[in-house]
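Please look at the sequence and the structure shown here before reading the report. The headings then take up one topic at a time.

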Protein chains: 4
Amino acid sequence: MARLRLGMVGGGNDAFIGGVHRIAARIDNRFDLVAGALSSTPEKSAASAETLGIARSYGSFTEMAKSEAARADGIEAVSIVTPNHVHFAAAKAFLAEGIHVICDKPMTSTLEDATAMQQAVADSDALFVLTHNYTGYPMIRQAQAMVHAGELGDIRIVQAEYPQDWLTAPMENEGVKQAEWRTDPARSGVGGSVGDIGTHAHNLACFVSGLAVESLAADLQSFGAGRKLDDNAHVMLRFAGGARGMLWCSQVAPGNENGLKLRVYGSKGGLEWHQEDPNYLWFTPLGEPKRLITRNGAGAGQAAAAVSRIPGGHPEGYLEGFANIYTEAADAIRAVQNGTPRDAAMGLLPGISEGMAGMAFINACVMSSWQDAAWVTL
Amino acid sequence: MARLRLGMVGGGNDAFIGGVHRIAARIDNRFDLVAGALSSTPEKSAASAETLGIARSYGSFTEMAKSEAARADGIEAVSIVTPNHVHFAAAKAFLAEGIHVICDKPMTSTLEDATAMQQAVADSDALFVLTHNYTGYPMIRQAQAMVHAGELGDIRIVQAEYPQDWLTAPMENEGVKQAEWRTDPARSGVGGSVGDIGTHAHNLACFVSGLAVESLAADLQSFGAGRKLDDNAHVMLRFAGGARGMLWCSQVAPGNENGLKLRVYGSKGGLEWHQEDPNYLWFTPLGEPKRLITRNGAGAGQAAAAVSRIPGGHPEGYLEGFANIYTEAADAIRAVQNGTPRDAAMGLLPGISEGMAGMAFINACVMSSWQDAAWVTL
Amino acid sequence: MARLRLGMVGGGNDAFIGGVHRIAARIDNRFDLVAGALSSTPEKSAASAETLGIARSYGSFTEMAKSEAARADGIEAVSIVTPNHVHFAAAKAFLAEGIHVICDKPMTSTLEDATAMQQAVADSDALFVLTHNYTGYPMIRQAQAMVHAGELGDIRIVQAEYPQDWLTAPMENEGVKQAEWRTDPARSGVGGSVGDIGTHAHNLACFVSGLAVESLAADLQSFGAGRKLDDNAHVMLRFAGGARGMLWCSQVAPGNENGLKLRVYGSKGGLEWHQEDPNYLWFTPLGEPKRLITRNGAGAGQAAAAVSRIPGGHPEGYLEGFANIYTEAADAIRAVQNGTPRDAAMGLLPGISEGMAGMAFINACVMSSWQDAAWVTL
Amino acid sequence: MARLRLGMVGGGNDAFIGGVHRIAARIDNRFDLVAGALSSTPEKSAASAETLGIARSYGSFTEMAKSEAARADGIEAVSIVTPNHVHFAAAKAFLAEGIHVICDKPMTSTLEDATAMQQAVADSDALFVLTHNYTGYPMIRQAQAMVHAGELGDIRIVQAEYPQDWLTAPMENEGVKQAEWRTDPARSGVGGSVGDIGTHAHNLACFVSGLAVESLAADLQSFGAGRKLDDNAHVMLRFAGGARGMLWCSQVAPGNENGLKLRVYGSKGGLEWHQEDPNYLWFTPLGEPKRLITRNGAGAGQAAAAVSRIPGGHPEGYLEGFANIYTEAADAIRAVQNGTPRDAAMGLLPGISEGMAGMAFINACVMSSWQDAAWVTL
């Protein structure tokens, strides 16, 4: 199948997440990265493009959107991997030209931008994919399918957590660029840890359980001295249909690197998954021994196999999970190009709804915390 | 050293926790169990006493307290292992006679009884030990000592959880005696899971962190159909001094047998301990590799060694942890008998303060939940 | 049931294993320790007996055997917990008086003594129990029962290992008493690590698989400078019926405390057990997800429950596993006293056959190693 | 940097390992796959090439070598991913044309071919890289560097194992293509499990320990009915310098997917690594708590970071480890093109020496087993 022509906004030489998106796009060989507006100045952009072997470099995403749309061989899709506050303007420029958008999360830095993004997506025929990459892990797909098939019975409890430790010390005062923008309200939005990682935990909890959060009560803290955004959050969750849950996210929990973990319990069984050991899924049917299901191993089903490349026991990781989002995006784009309706083409891909839900989650956490952890409806 | 003469109230043939107390008292050979009022009727009591080889059987704890106090070779201490609602009356009878009391938890089934218990202890010279047995685990002592010594820096976050699954199905309707009284407000008090297991998690969180819970917000549920008491609870915690935390306890989480787990994070490091693997303690000093400290292994200190019997790699378990409470109680009783002041003799043993704190925790959880998870001060 | 009157040879104040035997005898309340010849001199023995609250102290096991046999209330059984080279003479003295013997392992320090022990047992009506305590772990009983029931199909592979690290440095030159006698051929016999811990691994491999080792090829080393006995051994095993296996034991593998581990694989499934986490048993039926069976948890059977005291999730440990041997010994002794034939009374208890097999294993390892790891038939 | 032009021999549509090589070559964007002789017939080759978007398809590797060598834009390197018995002839064809070779392992199916391969490499200026991919894992590089730096002291013991379960049932009789050629001496050579996976374990043991195997004693079995090659092997190892070890590989151990595991112990400490959890490395300095070093986490050094793409806690897997070999091969090829001597350019890359050592290992295992596990010198 011919590869899709891809552009990228952001992701210049030093950016972490840009490199991840590029590898993810490359792993299954479904994209050619041919254009970019990689940095904040034309010069830096051009330098990054040269280093990366990207054919066409632009000084701004506006210029890039216009120029690429005008070319017969212009990009078919664009990845937006800037800091959060640029997501909306960039996405809008490409959506307006009918270019499919693959956007990093959280979707925007403000609720206003999120609402506007929703409108921009509604006004376009192009696909909008949000890289809630953790939903791309095979064993998360397995978990989602098992819950959907009723293997856990009625879902009662959802425990999500996402502890990290990289902001335990005040790194933003020590010249760490990642720490600077992620602790800056102007660039990250009102949420600190809840925006950066809490949204991932929230998204995963909803994706696997198949349930929406109806209301939440949140207690947010900033343990780092002088830090303006939360670096630790405790959240109680009430889901539609009566399930309850908790969500803990933290950037100040020493010993936790990227500890996203999800546990779901129903009337008939439970599931447990940990991002740092992603090839395993514990399944605990009530009254039977715990079972360790492995990616492409015995007991793993089609949902996992479909997004898996190599046999059980050969670990896939973060990049392969991320690549699954890209590969499904490629499938969806081709489907839309061939006439499939946009919604049908999305399948399990996270998009504008997940983006809105994530923004609502961040906002509700902050609003609840301002009101001493009162319940806030999403 | 001569063994202490011990009596027991409750713990007849079929009771789980009575047998545990007896083994715990026996492991280090510091007690002789010589008297009992083991069941609700004199006949059943006598039958149990005979089976267990206990010399003197009484028809009631009242009779036992009086008779034993009158004997030159009467019991020096008594274990109270009845359902919760009997704890107070029984303890009072023995305290009034100057007989040392070792009482199962939670301390009482009502706040009124708890306050009265506090008075009864104040009015007596005898020791009152509450078997918050999980504080007897060597690696919990290790953790407590490390926090106390400042190895974690300022404590910021305390995550405690205690999931079980044995009430996932409505066992109380199927003739399971343990399930009946534990789900019955008349015998257990206002707390279900929060009383039965949440108190353990709360106690452990405070014991290790050295911090008291100042206020909490709790969302309690009863997932079991027709169940009157909570079987799942989500609690947000605010500790004196600014630390924050969460506590989750559940009896309806399939795949969890007795999953008490504690994580404590400070400005300099973290600790993680799991009751089902009690010989291990993770220590994660910020910026260094995670370290797995083992009971009596390299890196474990005197606090753990003092309550440990055998070398590292030879696992000790629940019964040895419980035995540590008994053995320290024996030491404390002997110390008091030899003139040590009661408070000094207690050392790290849980007693009336921990009992009052536990009752306050249960009550606050229930009150908060009644008010839609409003903050309640303890 | 009336408690059995027990004596002890060896196990004075500083000995590790004596204390373990005493706790093991006490846990289930089936023995009263009433007599002892605890140390090498009458004075030390008396001092130890006083400390331990043992009523009758003897200057030698010979005197003790005679005197106790002559008393109406003399001991019914004796525990022998001396260094290996004393086992035979002590056991013989009590067997000759018809007193049941519970003997630490390895059975003797020489093959000659082992053969003589076999004769002494044959000449007596008393029971001879060898404390291969690891066979007392509930999940080992579970494993044995599963293999016996055919759940693994035909056994093909048995991997046993027992690494420790306590002799990595030359502790025997630094005044560590345990290290001194265990590295001394005169007191330990020809085997170092193979005698001390290899025998446990061999015994467990045979117990669970139900198979005997037919021949072996062993490569023994002494990495400790100047050490006379092996501190590391690699052994290839051929079992009766065609199964093959390996055994590794080591006292010089840093990071391993007491790492006894057994894996058994058949045509239909596999099992894996680790002594340091003894409440878990992995069962891997071919073509199905791995299952984690827990002590007294879902999926654990009667064989484990019969030697288990408390519910799943409440860990039992080394002492409880050891206590199971004592409790079954008590049952066996009572059965024999009530007329059950000696062999029938033994049940799964390790005795003279396991002792002989262990001695044959040690000897074969040493002989094979002398011949450059040639195959030696057991 | 301009991408290298790459060709591939073997790896048609259904082949597992060909797809792995292609992803590995793509992840770091250092290669363009532009030519192939992918299958055994020109038609199948062309079909595969079309599916994979490979520009130039050839009917045979001979034709491909000649044609590509003649083009100005011909391939600079070729990947050989056929069954083992084709490796030599294919490699020779490209080496003769000065085209760099990246060859799957084991190097050849016979010792004769191996010796001839050695000559072919000697006769060429081109690089010969053997994809012992497990040496590409970051934590294996970390382990190698730690041993090399003396952090373990003198190496005494090396325990390597590689259990799998996929041949437990006789899959080769059920039409499984992978099982057919891997159990066929004509295509795999004299070694079954020892050739397919034992070589990986052997290679890793030597790579990390820095030691060569001097002699070995091997006991090989074929448990699968009618199977001609070994499916289980027990091997005792003697390393140059006095270290000893064991190697177990098996394809009939139910519950093991791809369980390559390495443990190395020295006089000062130990290391433990498991391929299925490759981002972790246990380091156990004698007398200190065990430390869990994570990829790009605290305590991991430059050796691991150099072959790592994303932060700690974001798991990398098998494909990234494999990609490291490709990326280092790209570096080495560019270095050679720029005048660096071939040996210097190889760095830690496995090549002809590792290939010869692997063949010697396979042969020694088979020869030893024929002689009833006699010691065979490598």
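## The model

This is a predicted model, in which local features need pLDDT of at least 70 and side-chain atom pairs count only at pLDDT 80 or more, while totals for chains, interfaces and linings use all residues. Residues are numbered from 1 along each chain as its sequence is written, chains are lettered from A and ligands numbered from 1 in the order in which they are written, and side-chain values use heavy atoms, with hydrogens and water left out.

## Copies of the chain

Two copies of a chain are related by a rotation about an axis and a shift along it. The same surface serves both copies, since 100% of the contact residues of chain B recur in chain A, where contact means heavy atoms within 4.5 Å.

Chain C can also be laid on chain A by a turn of 180° and a shift of 0.0 Å along the axis, with an RMSD of 0.0 Å. Here too the same surface serves both copies: 100% of the contact residues of chain C recur in chain A. Arg291(C) is the residue of chain C that comes closest to the rotation axis, with its C-alpha at 2.2 Å.

## Domains of chain A

The domain assignment of chain A gives domain 1 (4–126) and domain 2 (137–310 + 358–377); such bounds come from an automatic or database domain assignment. The C-alpha centres of the two domains of chain A are 27 Å apart. In contact across them are 14 residues of domain 1 and 15 residues of domain 2.

UniProt, in an unreviewed entry, lists "domain: Gfo/Idh/MocA-like oxidoreductase N-terminal" at residues 5–128 of chain A. UniProt positions are given in the numbering used here, feature names are shortened, and annotations may be inferred rather than shown by experiment. Residues 5–128 of chain A are 46% helix and 19% strand, and their end C-alpha atoms lie 16 Å apart. Helices (H or I, at least four residues) and strands (E, at least two) are DSSP runs, numbered from the N terminus.

## A sheet in chain B

Strands of a sheet pair through backbone hydrogen bonds, either parallel or antiparallel. In chain B, an open sheet of six strands has the order S3-S2-S1-S4-S5-S6, with parallel pairing; two strands pair if DSSP finds at least two bridges between them. The edge strands of chain B, S3 (56–57) and S6 (128–130), each pair on one side only.

Strand S1 (residues 4–9) and strand S2 (residues 31–37) of chain B pair in the parallel sense over six bridges. Leu6(B) has Leu33(B) in S2(B) as its bridge partner.

## Two residues of chain C

Asn133(C) lies in the loop between strand S6 (128–130) and helix H6 (138–148) of chain C. Is Asn133(C) buried or exposed? Asn133(C) is buried, with a relative accessible area of 3%; buried means under 20%, exposed over 50%, and partly exposed in between (1.4 Å probe, protein chains only). Leaving aside neighbours within four places in sequence, Asn133(C) has contacts that include His200(C) and Tyr318(C).

Ala345(C) lies in helix H12 (residues 342–346) of chain C. Ala345(C) is buried, with a relative accessible area of 14%.

Technical notes: Least-squares fit on C-alpha atoms with pLDDT ≥ 70 in both.
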